Amino acid sequence: MAQPPKVDNELFARDYAKCVLCYKCVEACGTDAQNTFAIAVAGRGFEARISTELDVPLTDSACVFCGNCIGVCPTGALVFKSEFDLRRAGQWDESRQRETTTICPYCGVGCALTLHVQDERIVKVTSPLDSSVTEGHLCIKGRFGWQYAGAGSGEKAEKAQRGDTEGAEERGGKKGKRRGKKEAKE
Ligand code: SF4
Ligand code: SF4
(Lines give C-alpha, C1' and ligand atoms only; values in the text may rest on other atoms or scores of the structure.)
(Ligands and ions follow the chains in the order given, each with its own letter.)
Protein backbone atom coordinates (compact mmCIF):
# COMPACT_ATOMS: atom_id res chain seq x y z
CA MET A 1 0.00 0.00 0.00
CA ALA A 2 1.49 3.37 -1.05
CA GLN A 3 2.51 5.53 1.89
CA PRO A 4 5.34 8.00 2.64
CA PRO A 5 8.28 6.84 4.82
CA LYS A 6 7.51 6.90 8.52
CA VAL A 7 10.23 8.73 10.45
CA ASP A 8 8.88 9.10 13.97
CA ASN A 9 12.04 8.57 16.01
CA GLU A 10 15.79 9.12 15.74
CA LEU A 11 16.79 5.45 15.63
CA PHE A 12 15.13 3.88 12.62
CA ALA A 13 12.83 4.69 9.72
CA ARG A 14 10.11 2.62 8.07
CA ASP A 15 9.59 2.96 4.34
CA TYR A 16 6.75 0.58 3.65
CA ALA A 17 6.76 1.43 -0.07
CA LYS A 18 9.61 -1.13 -0.13
CA CYS A 19 7.75 -3.73 1.94
CA VAL A 20 6.98 -7.11 0.34
CA LEU A 21 4.88 -8.32 3.30
CA CYS A 22 7.20 -11.19 4.10
CA TYR A 23 6.21 -10.85 7.81
CA LYS A 24 9.79 -11.46 8.96
CA CYS A 25 9.68 -8.25 11.05
CA VAL A 26 6.41 -9.31 12.68
CA GLU A 27 7.90 -12.69 13.56
CA ALA A 28 11.12 -11.12 14.90
CA CYS A 29 9.09 -8.73 17.05
CA GLY A 30 7.01 -11.71 18.17
CA THR A 31 7.91 -15.28 18.98
CA ASP A 32 11.06 -15.55 16.83
CA ALA A 33 13.07 -13.20 19.03
CA GLN A 34 11.69 -10.25 20.92
CA ASN A 35 8.23 -11.31 22.18
CA THR A 36 7.14 -7.67 22.21
CA PHE A 37 4.43 -7.87 19.51
CA ALA A 38 4.66 -4.15 18.71
CA ILE A 39 3.86 -4.65 15.03
CA ALA A 40 1.45 -6.84 13.09
CA VAL A 41 -0.34 -7.05 9.77
CA ALA A 42 -3.28 -4.66 9.46
CA GLY A 43 -5.94 -4.72 6.75
CA ARG A 44 -6.75 -7.36 4.20
CA GLY A 45 -5.98 -8.08 0.56
CA PHE A 46 -4.53 -5.05 -1.24
CA GLU A 47 -4.97 -3.04 1.99
CA ALA A 48 -2.70 -5.37 3.99
CA ARG A 49 0.26 -3.58 5.57
CA ILE A 50 2.61 -3.77 8.56
CA SER A 51 1.44 -1.48 11.32
CA THR A 52 1.63 -0.70 14.99
CA GLU A 53 -1.59 -1.11 16.97
CA LEU A 54 -4.02 1.61 15.76
CA ASP A 55 -1.19 2.85 13.49
CA VAL A 56 0.27 4.97 16.30
CA PRO A 57 3.89 6.22 15.97
CA LEU A 58 6.49 3.69 17.12
CA THR A 59 7.26 5.92 20.09
CA ASP A 60 3.68 5.45 21.33
CA SER A 61 3.60 1.72 20.62
CA ALA A 62 4.93 -1.24 22.57
CA CYS A 63 8.21 -1.05 20.58
CA VAL A 64 11.33 -1.27 22.75
CA PHE A 65 13.67 -0.22 19.90
CA CYS A 66 15.68 -3.42 19.79
CA GLY A 67 15.88 -3.03 16.00
CA ASN A 68 15.55 -6.77 15.48
CA CYS A 69 12.93 -6.05 12.81
CA ILE A 70 15.56 -4.06 10.89
CA GLY A 71 17.95 -6.99 11.16
CA VAL A 72 15.60 -9.38 9.36
CA CYS A 73 14.02 -7.03 6.79
CA PRO A 74 15.22 -8.20 3.35
CA THR A 75 14.22 -5.13 1.34
CA GLY A 76 15.45 -2.08 3.23
CA ALA A 77 11.91 -1.08 4.21
CA LEU A 78 13.21 -0.93 7.79
CA VAL A 79 16.51 0.94 8.08
CA PHE A 80 18.70 2.70 10.59
CA LYS A 81 17.95 6.44 10.62
CA SER A 82 21.65 6.99 9.92
CA GLU A 83 21.38 4.89 6.74
CA PHE A 84 18.07 6.51 5.78
CA ASP A 85 19.59 10.01 6.05
CA LEU A 86 22.77 9.09 4.16
CA ARG A 87 20.76 7.46 1.36
CA ARG A 88 18.53 10.53 1.07
CA ALA A 89 21.62 12.71 0.83
CA GLY A 90 23.08 10.41 -1.85
CA GLN A 91 26.01 9.60 0.45
CA TRP A 92 25.38 5.95 1.34
CA ASP A 93 28.24 4.01 -0.27
CA GLU A 94 28.82 0.39 0.74
CA SER A 95 32.02 0.27 -1.35
CA ARG A 96 33.53 2.73 1.18
CA GLN A 97 32.34 0.75 4.20
CA ARG A 98 34.26 -1.76 6.26
CA GLU A 99 32.96 -4.15 8.90
CA THR A 100 34.54 -5.00 12.24
CA THR A 101 33.06 -7.57 14.59
CA THR A 102 33.56 -7.03 18.31
CA ILE A 103 31.80 -7.73 21.63
CA CYS A 104 29.12 -5.45 23.08
CA PRO A 105 30.56 -3.64 26.14
CA TYR A 106 27.26 -2.94 27.90
CA CYS A 107 26.71 -6.16 29.87
CA GLY A 108 28.11 -9.63 30.53
CA VAL A 109 26.06 -11.51 27.92
CA GLY A 110 28.78 -10.89 25.35
CA CYS A 111 26.74 -10.21 22.22
CA ALA A 112 28.69 -10.08 18.95
CA LEU A 113 28.42 -6.69 17.25
CA THR A 114 29.40 -5.95 13.67
CA LEU A 115 30.24 -2.27 13.25
CA HIS A 116 29.66 -0.89 9.75
CA VAL A 117 31.99 2.09 9.27
CA GLN A 118 31.97 4.62 6.45
CA ASP A 119 34.35 7.60 6.36
CA GLU A 120 35.49 6.83 9.94
CA ARG A 121 31.88 6.97 11.22
CA ILE A 122 29.84 4.03 12.48
CA VAL A 123 26.74 4.06 10.28
CA LYS A 124 24.96 0.99 11.64
CA VAL A 125 25.44 -2.03 13.91
CA THR A 126 24.31 -5.56 13.16
CA SER A 127 25.04 -8.95 14.68
CA PRO A 128 26.16 -12.07 12.75
CA LEU A 129 23.29 -14.45 12.03
CA ASP A 130 25.56 -17.38 12.91
CA SER A 131 26.49 -16.00 16.34
CA SER A 132 25.54 -18.64 18.92
CA VAL A 133 24.92 -15.84 21.45
CA THR A 134 22.66 -13.53 19.42
CA GLU A 135 21.55 -15.39 16.26
CA GLY A 136 21.53 -11.89 14.76
CA HIS A 137 19.34 -10.29 17.43
CA LEU A 138 20.32 -7.47 19.81
CA CYS A 139 18.78 -5.12 22.38
CA ILE A 140 18.60 -1.33 22.14
CA LYS A 141 21.99 -0.91 23.79
CA GLY A 142 23.92 -3.13 21.41
CA ARG A 143 21.97 -2.01 18.34
CA PHE A 144 21.90 1.74 18.97
CA GLY A 145 24.17 2.49 21.92
CA TRP A 146 27.12 3.24 19.62
CA GLN A 147 26.34 6.85 18.78
CA TYR A 148 28.68 8.01 21.53
CA ALA A 149 31.58 6.91 19.34
CA GLY A 150 30.87 9.90 17.08
CA ALA A 151 29.74 12.23 19.85
CA GLY A 152 33.12 13.94 20.26
CA SER A 153 33.79 15.28 23.73
CA GLY A 154 31.59 16.87 26.37
CA GLU A 155 29.21 15.69 29.04
CA LYS A 156 27.01 13.59 26.71
CA ALA A 157 29.97 11.70 25.27
CA GLU A 158 31.43 11.12 28.74
CA LYS A 159 28.12 9.69 29.96
CA ALA A 160 27.94 7.39 26.96
CA GLN A 161 31.51 6.21 27.45
CA ARG A 162 30.65 5.23 31.02
CA GLY A 163 28.06 2.84 29.57
CA ASP A 164 25.08 5.17 30.00
CA THR A 165 22.74 4.50 27.07
CA GLU A 166 20.37 7.30 27.98
CA GLY A 167 21.07 8.98 24.64
CA ALA A 168 19.88 6.05 22.53
CA GLU A 169 16.93 5.45 24.83
CA GLU A 170 15.87 9.11 24.57
CA ARG A 171 16.18 9.03 20.81
CA GLY A 172 14.02 5.91 20.77
CA GLY A 173 11.24 7.69 22.66
CA LYS A 174 9.71 7.06 26.05
CA LYS A 175 9.18 3.33 25.50
CA GLY A 176 12.81 2.84 24.49
CA LYS A 177 13.88 4.81 27.53
CA ARG A 178 11.73 2.74 29.86
CA ARG A 179 12.95 -0.54 28.35
CA GLY A 180 16.58 0.57 28.51
CA LYS A 181 16.24 1.33 32.22
CA LYS A 182 14.61 -2.04 32.84
CA GLU A 183 17.44 -3.82 31.02
CA ALA A 184 20.04 -1.84 32.94
CA LYS A 185 18.57 -3.20 36.21
CA GLU A 186 18.55 -6.81 34.95
S1 SF4 B 1 12.39 -2.50 17.19
FE2 SF4 B 1 12.02 -4.43 18.29
S3 SF4 B 1 10.19 -4.04 19.49
FE4 SF4 B 1 10.29 -2.41 17.95
S5 SF4 B 1 9.03 -3.11 16.24
FE6 SF4 B 1 11.15 -3.76 15.82
S7 SF4 B 1 11.33 -5.84 16.67
FE8 SF4 B 1 9.49 -4.91 17.55
S1 SF4 C 1 10.54 -7.53 7.13
FE2 SF4 C 1 10.55 -5.73 5.77
S3 SF4 C 1 9.69 -6.48 3.82
FE4 SF4 C 1 9.20 -8.02 5.39
S5 SF4 C 1 7.13 -7.44 6.12
FE6 SF4 C 1 8.61 -6.43 7.49
S7 SF4 C 1 8.93 -4.37 6.59
FE8 SF4 C 1 7.95 -5.66 5.01
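Biologist: Which helices each supply at least two residues of the shell around ligand 1?

Modeller: Helix H1 (24-29) and helix H2 (68-72) do. Helices are DSSP runs of H or I with at least four residues, strands are E runs of at least two, and both are numbered from the N terminus. This is a predicted model in which local features need pLDDT of at least 70, side-chain atom pairs count only at pLDDT 80 or more, and totals for chains, interfaces and linings use all residues. Residues are numbered from 1 along each chain as its sequence is written, while chains are lettered from A and ligands numbered from 1 in the order in which they are written.

Biologist: How many residues surround ligand 1, and which are the closest?

Modeller: There are 13, and the closest are Cys29, Thr36, Cys63, Cys66 and Cys69. A residue is near a molecule if its C-beta atom, placed from the backbone, lies within 6 Å of it. By class, this shell has 9 nonpolar, 4 polar and no charged residues. Cys counts as nonpolar along with Ala, Val, Leu, Ile, Met, Phe, Trp, Tyr and Pro; Asp, Glu, Lys and Arg are charged, and the others, Gly among them, are polar.

Biologist: How many residues surround ligand 2, and how do they divide by class?

Modeller: Ligand 2 is surrounded by 14 residues, the closest being Cys19, Cys22, Cys25, Cys73 and Ala77. They divide into 12 nonpolar, 1 polar and 1 charged.

Biologist: Why is Tyr23 called partly exposed?

Modeller: Tyr23 has 15 C-beta neighbours inside 10 Å. Buried requires 20 or more other C-beta atoms within 10 Å, exposed 12 or fewer, and partly exposed is in between, so 15 gives partly exposed. Tyr23 lies in the loop between strand S1 (12-14) and H1, and has a positive phi of about 70 degrees although it is not a glycine.

Biologist: What makes Asn35 exposed?

Modeller: Asn35 has 8 other C-beta atoms within 10 Å and therefore counts as exposed. Asn35 is in the loop between H1 and strand S2 (39-42). Its phi is also positive, about 55 degrees, although it is not a glycine.

Biologist: How do you know that strand S5 and strand S6 pair?

Modeller: Pairing needs at least two DSSP bridges; S5 (residues 97-103) and S6 (residues 112-118) have 7, in the antiparallel sense. Thr101 has Thr114 in S6 as its bridge partner, and Thr102 has Leu113. S6 and strand S7 (residues 121-126) also pair, antiparallel, over 5 bridges, with Gln118 opposite Arg121 in S7. The S6-S7 hairpin leaves 2 residues between its strands, and Asp119 in the turn has a positive phi of about 55 degrees.

Biologist: In what order do the strands form the open sheet?

Modeller: The order of the 3 strands is S5-S6-S7, with antiparallel pairing. S5 and S7 are the edge strands, since each pairs on one side only. From one strand to the next the twist averages 30 degrees, with angles running from 0 to 180 degrees between N-to-C directions of lines fitted to C-alpha atoms.

Biologist: Which residues touch the most other members of the largest nonpolar core?

Modeller: Cys25, Cys69 and Leu78 do, out of 34 residues. Such a core is a set of buried Ala, Val, Leu, Ile, Met, Phe, Trp, Tyr and Cys residues joined through C-beta atoms within 7 Å. H1 gives the most to this core, with 4 residues. Leaving out residues up to four places away in sequence, Cys25 touches Ile39, Ile50, Cys69, Val72, Cys73 and Leu78.

Note on methods. Two residues are in contact if their C-beta atoms, placed from the backbone, lie within 7 Å.
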